[in-house]
Amino acid sequence: METTRIDTRFAACKAQNRPALVTFITAGDPDLDTSLAILKAMPKAGADVIELGMPFSDPMAEGVPIQLATQRALAAGQTMQKTLDMVRTFRQDDDETPLILMGYYNPIYSWGVDAFVKEAKEAGVDGLIVVDLPPEHDDELCLPARDQGLNFIRLATPTTKGKRLDQVLKNTSGFVYYVSVTGVTGSGALDADAVADAVSTIKDHTDLPVAVGFGVKTPEQAKAIGKNADGVVVGSVLVNAILDSLDEEGKASDGTITAVTSIIEGLAEGAKAAKA
Amino acid sequence: MTTPSQDSNTPVAPNSLAAGPDDRGFFGIYGGQFVSETLMPLILDLNDAYEEAKKDPAFHDELAYLHKHYVGRESPLYFAERLTEELGGAKIYFKRDELNHTGSHKINNCLGQILLAKRMGKTRIIAETGAGQHGVATATVCARFGFPCEVYMGATDVERQAPNVFRMKLLGGNVNPVTAGAGTLKDAMNEALRDWVTNVDNTYYIIGTAAGPHPYPAMVRDFQSIIGREVKSQMMEAEGRLPDMLVACLGGGSNAIGLFHPFLEDESVKIIGVEAAGKGLDTEEHCASLNAGKPGVLHGNRTYLLQDDDGQILEGHSISAGLDYPGIGPEHSYLRDSGRVEYVSAGDQEALEAFQLLCRTEGIIPALEPSHALAHVMKIAPSMDNDQIIVMNLCGRGDKDVFTVGGHLGVNLTE
């Protein structure tokens with residue numbers, strides 16, 4: 001398929017000898033305007049690739065931080081249309097930062113797969129991560145998305161072994177997202193050596209960049225993981241920062257945007273030092 | 001002695017209604033394996049283990065022994081003479097799975113799955129529960145086989161089903177209240193999946209209904225189909241012919257598919273599933289996925305779901321916590337679309353009336369779940385001929401519900 005912003009950005013980071021910093025927030029958390037402002041501020045703070053969560057009522061693979069972020073977004077009235085419109089607005093000022101929509105299949109299925117991939121591409125989305133679509137169901141969304149020029153980024157996990165790894169990689173494009181722990185997002189203790197081994201195994205099977213996520217919280221971890229990985233994914237620590245910044249009524253405060261960007265700045269420093 | 005293997009291995013014609021699921025776990029477009037990659041290898045292993053167990057006579061022998069001596073199967077097929085007279089129409093029989101050990105059909109499935117967990121060398125059991133019947137059945141088999149047991153239960157349900165929470169604790173189960181979402185069954189299922197994804201090496205997840213990723217819908221159906229197989233032979237003995245109609249209630253639909261499945265190819269048998277209409281299908285407070293939902297993907301399968309226009313899952317409502325789930329087993333979705341089974345609904349009030357009628361006419365206190373099935377029987381039996389036969393699955397007993405019913409009838413039993 002054609003080269004996407006994701007391919008270009010990972011290649012650029014590689015040329016700079018550093019891992020890409022991939023940052024996640026939930027669209028519409030804690031409200032649409034604040035979320036859009038955070039989204040726009042992320043590249044300047046050091047985000048190389050952005051994952052924007054499509055809120056879903058039943059986020060089975062998420063730990064408490066992203067569950068709460070999802071609930072905040074839905075309570076504030078976030079919809080799929082608003083999420084796509086956020087991407088459109090973001091693209092007016094930024095035509096280079098790759099943007100990936102991440103979530104669960106039902107809101108997309110409800111929208112209609114063909115219409116969704118068309119509108120997502122047109123809005124400026126570069127890739128999709130859909131947690132509950134394993135390669136067994138590539139015909140559902142992965143292949144229609146690829147035909148539309150969207151990368152379909154697959155998660156590989158510690159349970160993805162042997163022949164299954166090739167099956168998982170088969171229709172994956174953009175990059176491979178290695179889930180560093182068995183567990184939900186934001187959980188578990190990172191074992192940098194085990195992650196390095198896993199990344200190296202995946203790299204024996206593919207030329208795609210490998211990004212690592214689930215449990216990266218600090219600049220030190222970003223540095224340690226980024227030593228072997230092509231990308232470092234952070235999410236829970238950012239949505240926790242949003243939560244901590246809210247006022248007594250649960251609304252965004254003056255500090256909400258900088259609460260997120262200051263963490264991204266620190267993580268970007270950590271990532272930059274990874275391969276030095 | 002009839003073992004489950006003999007009947008379940010009866011060949012069915014290709015493309016027949018009873019032949020599903022296909023190799024990918026689909027009944028038509030419903031079912032599948034919509035789970036995260038971390039779980040995918042686990043459910044593939046489970047599928048292999050179940051396929052092997054199905055072929056192993058020792059597995060079926062052990063299950064049959066436990067059914068007879070631990071559960072008390074076969075459960076009676078009972079002619080409800082006074083109720084039949086009262087309603088004045090078709091002859092009404094009850095399949096009395098409420099007499100099973102633990103008080104409902106849930107034990108049929110839990111025994112099958114715990115034997116499978118043992119075969120697979122798993123050492124820890126998790127389960128979700130709504131009303132607590134599946135949680136009690138799971139804690140029971142865990143006690144019987146010496147497994148640690150973690151039950152996830154919505155915080156709201158923990159409050160309103162206190163007797164079952166206590167039962168689970170007595171049986172050695174650990175009840176984890178789930179506060180996410182509205183704190184009901186779907187939230188409990190999310191949390192059980194989160195546990196499973198975290199404890200992949202040692203943990204077996206006993207799903208309580210015929211839903212979830214393949215192979216669960218087919219496996220749970222197979223374990224529950226003992227209900228329908230027994231009915232078939234008991235009815236031949238009692239009446240020398242098949243019944244004219246089967247009726248069962250549906251939450252996730254495991255008792256219903258267990259009764260229906262062995263009869264799907266018997267065209268003369270009309271089959272009716274009864275969903276919970278709660279406060280009415282024209283309100284938002286019901287859980288009639290097949291009557292008022294649309295197809296979507298949740299908890300590992302594609303099926304009819306209660307959802308809004310943006311694909312967000314809605315909370316179900318029913319007076320009966322066991323029916324309070326916004327989805328339905330995928331095989332029911334398939335049977336709905338094919339037209340083989342008719343799916344109707346009955347509301348809270350109708351279920352309460354049916355509950356009381358059965359207490360008075362037959363001396364049986366039913367659970368609120370099958371009270372919904374009975375509410376439909378009350379509607380339809382009087383219009384049928386005296387020589388016609390209805391079999392209704394009386395899938396649970398009502399001891400657990402007396403507080404709820406008391407509350408609705410203005411009697412406070414807790415003070």
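Figure 1. The bridge partner of Cys249(B) in E10(B) is Val274(B). In this predicted model, local features need pLDDT of at least 70 and side-chain atom pairs count only at pLDDT 80 or more, whereas totals for chains, interfaces and linings use all residues. Residues are numbered from 1 along each chain as its sequence is written, chains are lettered from A and ligands numbered from 1 in the order in which they are written, and side-chain values use heavy atoms, without hydrogens and water. Strand E9 (residues 245-249) and strand E10 (residues 270-278) of chain B are parallel and share 5 bridges; strands (E, at least two residues) and helices (H or I, at least four) are DSSP runs numbered from the N terminus, and two strands pair if DSSP finds at least two bridges between them. Both belong to an open sheet of 6 strands with mixed pairing, in the order E3-E4-E14-E9-E10-E13 (chain B). Strand E3 (77-79) and strand E13 (341-347) of chain B each have a single partner strand, so one side of each lacks a neighbour in the sheet. From one strand to the next, the twist averages 25 degrees.

**Figure 2. Helix H16 of chain B on the six-stranded sheet.** Helix H16 (residues 368-380) of chain B lies across E4, E9, E10, E13 and E14 of chain B. Its direction runs at about 145 degrees to E9(B); axes are lines fitted to C-alpha atoms, for helices over the stretch in contact, and angles run from 0 to 180 degrees between N-to-C directions.

**Figure 3. The four-stranded sheet of chain B.** An open sheet with parallel pairing contains 4 strands in the order E7-E6-E5-E8 (chain B). Strand E7 (174-178) and strand E8 (203-205) of chain B are the edge strands, each pairing on one side only. The average twist from one strand to the next is 25 degrees. Helix H6 (residues 133-145) of chain B packs on this sheet and touches E5 and strand E6 (149-154) of chain B, its direction making about 165 degrees with that of E5(B); contact means heavy atoms within 4.5 Å. Strand E5 (residues 124-129) of chain B runs parallel to E8(B) and is joined to it by 3 bridges. The bridge partner of Arg124(B) in E8(B) is Thr203(B).

**Figure 4. The largest nonpolar core.** This core has 85 residues, of which Tyr177(A), Trp196(B) and Tyr205(B) touch the most other members. A nonpolar core is a set of buried Ala, Val, Leu, Ile, Met, Phe, Trp, Tyr and Cys residues joined through side-chain atoms within 4.5 Å; buried means under 20% relative accessible area, exposed over 50%, and partly exposed in between (1.4 Å probe, protein chains only). Domain 1 (28-69 + 106-220) and domain 2 (75-103 + 225-408) of chain B both contribute residues, so the core lies between them; the domain bounds come from an automatic or database domain assignment. A second, separate core of 64 residues includes Leu21(A), Val130(A), Leu150(A) and Phe26(B).

Figure 5. Over all chains, 13 aromatic pairs are counted; rings of Phe, Tyr and Trp (its six-membered ring) pair if their centres lie within 6.5 Å, with planes under 30 degrees apart counted as stacked, over 60 as edge-to-face and the rest as tilted. Phe10(A) and Phe175(A) form a tilted pair, 5.0 Å centre to centre with 40 degrees between the planes. Phe10(A) and Phe175(A) are both buried. The ring centres of Phe79(B) and Tyr93(B) are 5.4 Å apart and their planes meet at 40 degrees, so this pair is also tilted. Phe79(B) is partly exposed at 27% relative accessible area, whereas Tyr93(B) is buried at 5%.
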